[in-house]
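Work through the exercises below with the sequence and the model at hand. Try each task before reading its solution.

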Amino acid sequence: MSTEWERLAVRLREFVRVRDWEQFHTPKNLAMALAGEVGELVAELQWLTPEESRDLDPATLARVRAELGDVAGYLVRLADVLGVDLVEAAHAKLDESERRYDPDLYRGSARKAPPLAP
């Protein structure tokens, strides 16, 4: 994992340890908390036009930034608990997407590619 992600994971691990919250940080609970935080992020943008969502006023941007921080924290914590290297997982997923979405076939298209053959 990159140095910054690892530093965040270590800081979160210590934050949880000193509060004796490891018992609550099961993968299930962390995934549920992550989903809840993503919902809060979505709620900030839900009724905006595409143009409004690209040009947030300072108060909305501050709330979005805070929600992104929550999402990132829970995602890093979940990966840490499961022993998943987030950067490696993201690269692996991007590698798969590059194989599935040939630029000549999918440029400018939002259609879904079929799954890769095993």
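The model is predicted, so local features need pLDDT of at least 70 and side-chain atom pairs count only at pLDDT 80 or more, while totals for chains, interfaces and linings use all residues. Residues are numbered from 1 along each chain as its sequence is written, and side-chain values use heavy atoms, with hydrogens and water left out.

**Exercise 1.** Find how the axes of helix α1 and helix α4 are placed relative to each other.

Solution. Step 1: helices are DSSP runs of H or I of at least four residues, numbered from the N terminus; α1 covers residues 3-18 and α4 covers residues 58-82. Step 2: their axes come within 9 Å and cross at roughly 85 degrees. Axes here are lines fitted to C-alpha atoms over the stretch in contact, with angles from 0 to 180 degrees between N-to-C directions. Step 3: α1 is therefore roughly perpendicular to α4, a class that takes angles of 65 to 115 degrees. Step 4: the contact (heavy atoms within 4.5 Å) uses W5, L8, A9, L12, R13 and V16 from α1, and G73, V76, R77 and D80 from α4.

**Exercise 2.** Is R77 buried or exposed, and which residues does R77 contact beyond its neighbours within four places in sequence?

Solution. Step 1: R77 belongs to helix α4. Step 2: its relative accessibility is 6%, so R77 counts as buried, the class for values under 20% relative accessible area, with exposed over 50% and partly exposed in between (1.4 Å probe, protein chains only). Step 3: with those neighbours left aside, R77 contacts L12, R13, V16, E22, H25 and L30.

**Exercise 3.** Locate V81 and state how far T26 is from V81 in sequence and in space.

Solution. Step 1: V81 is also part of helix α4. Step 2: a relative accessible area of 33% makes V81 partly exposed. Step 3: V81 and T26 are 55 residues apart in sequence, yet their C-alpha atoms are 7.6 Å apart.

**Exercise 4.** Describe the backbone and surroundings of D20.

Solution. Step 1: D20 sits in the loop between α1 and α2 (27-45). Step 2: phi of D20 is near 55 degrees, a positive value in a residue other than glycine. Most residues other than glycine have a negative phi. Step 3: at 48% relative accessibility, D20 counts as partly exposed.

Key
Helices (H or I, at least four residues) and strands (E, at least two) are DSSP runs, numbered from the N terminus. Angles under 35 degrees count as roughly parallel, over 145 as roughly antiparallel, 65 to 115 as roughly perpendicular and the rest as oblique.
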